[in-house]
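Subject: Handover of a structure

Dear colleague,

Please find below the structure that I would like to pass on to you. My notes on it follow directly after it.

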Amino acid sequence: MRNRLRTKFLGIEVKSPLVLPAGIMDMSYSGLQISSENGAGIVTSKSLTLEPRSGHKGPVVAEFEGGFLNCMGLCNPGIEDGIAEINEFKQRSDVPVIVSVFATNTEDFLKLTEYVNNSNGDFLELNLSCPNVFDEFGIPLAASKDEVFKIIRAVKTVSKIPVIAKLSPNVYDIVSIALSAESAGADALCMINTVGPGMMIDTKMVKPVLFNKFGGLSGPCIKPVALKLI
């Protein structure tokens with residue numbers, strides 16, 4: 001069965017088409033290792049920023065009958081410490097790593113790319129679409145095909161590894177944005193990020209479950225949305 005699952009992604013053979021996405025897991029080599037040992041053919045780091053981020057106060061994850069809400073707030077140790085964890089993982093494993101990075105402008109994406117160029121990462125993911133930091137950064141970059149094109153085109157001029165654009169499902173016309181990413185040189189698209197944001201209410205406490213009130217929606221319930229957009 002394992003051999004039947006083997007496939008190739010951007011020229012690299014992987015043991016399984018299952019991918020650990022950037023998300024709520026801690027950014028440590030051991031977390032990546034556990035995922036790879038349990039069937040992930042590719043693992044993705046948390047979205048790393050130039051400086052460490054503590055993210056939102058808890059609770060930041062809530063489960064309901066159809067999936068999860070999360071408002072992690074892009075918490076991460078920063079690009080330098082994140083790369084160190086990735087490099088340690090790669091010393092122990094041959095499973096490919098997608099290094100996910102987040103910024104709000106082209107200049108910072110280019111700085112992050114230089115860090116990734118000097119790492120053992122196999123792919124670079126540009127997170128253009130985090131939905132639970134509206135309070136800080138406003139509408140995601142992935143809502144604008146022009147911004148998507150500009151950032152990807154710039155990153156492709158310096159990146160030494162394939163570039164993946166992580167897009168948002170929360171847009172009116174994802175096709176034009178995806179085509180813009182392709183024309184800018186993206187090697188692959190990550191479809192999709194979480195849906196929403198949404199909110200859950202604790203009826204006993206009479207207040208939102210998440211401290212940040214809103215969070216990105218994931219889990220089985222969004223599969224039909226993902227399939228439609230793809």
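Cys75 is buried, because its relative accessible area is 17% and buried means under 20% (exposed is over 50%, partly exposed lies in between; 1.4 Å probe, protein chains only). Cys75 sits in the loop between strand S6 (67-70) and helix H3 (79-92). Helices (H or I, at least four residues) and strands (E, at least two) are DSSP runs, numbered from the N terminus. Leaving out residues up to four places away in sequence, Cys75 touches Lys46, Arg53, Ser54 and Gly55, where contact means heavy atoms within 4.5 Å. From Cys75 to Met199 there are 124 residues in sequence and 20 Å in space, C-alpha to C-alpha.

Please note that this is a predicted model, in which local features need pLDDT of at least 70 and side-chain atom pairs count only at pLDDT 80 or more, while totals for chains, interfaces and linings use all residues. Residues are numbered from 1 along each chain as its sequence is written, and side-chain values use heavy atoms, with hydrogens and water left out.

The second residue to look at is Glu125, which belongs to strand S8 (residues 123-127). Is Glu125 buried or exposed? Glu125 is buried, since its relative accessible area is 3%. Apart from neighbours within four places in sequence, its contacts include Ala22, Thr44, Ile98, Ile164, Lys166 and Cys190. Glu125 and Glu65 lie 30 Å apart in space, C-alpha to C-alpha, with a separation of 60 residues in sequence.

As for the whole chain, it has 8 helices and 14 strands. Its radius of gyration is 17 Å, which agrees with the value near 17 Å for a compact globule of 230 residues; this radius is taken over C-alpha atoms, and the globule rule is 2.2 Å times the number of residues to the power 0.38. The C-alpha atoms fill a box of roughly 50 × 40 × 35 Å along the principal axes. Buried residues account for 48% of the 230 residues. Of the contacts between residues at least 6 apart in sequence, 69% join residues at least 24 apart.

Finally, a word on confidence. The mean pLDDT (the predictor's confidence in each residue, from 0 to 100) is 91, and 94% of the residues reach 70 or more. Over residues 132-137, however, the pLDDT is below 50, although this stretch has 25 contacts in the model beyond near neighbours in sequence. Where pLDDT is low, predicted coordinates should not be read in detail.

Yours sincerely,
A colleague
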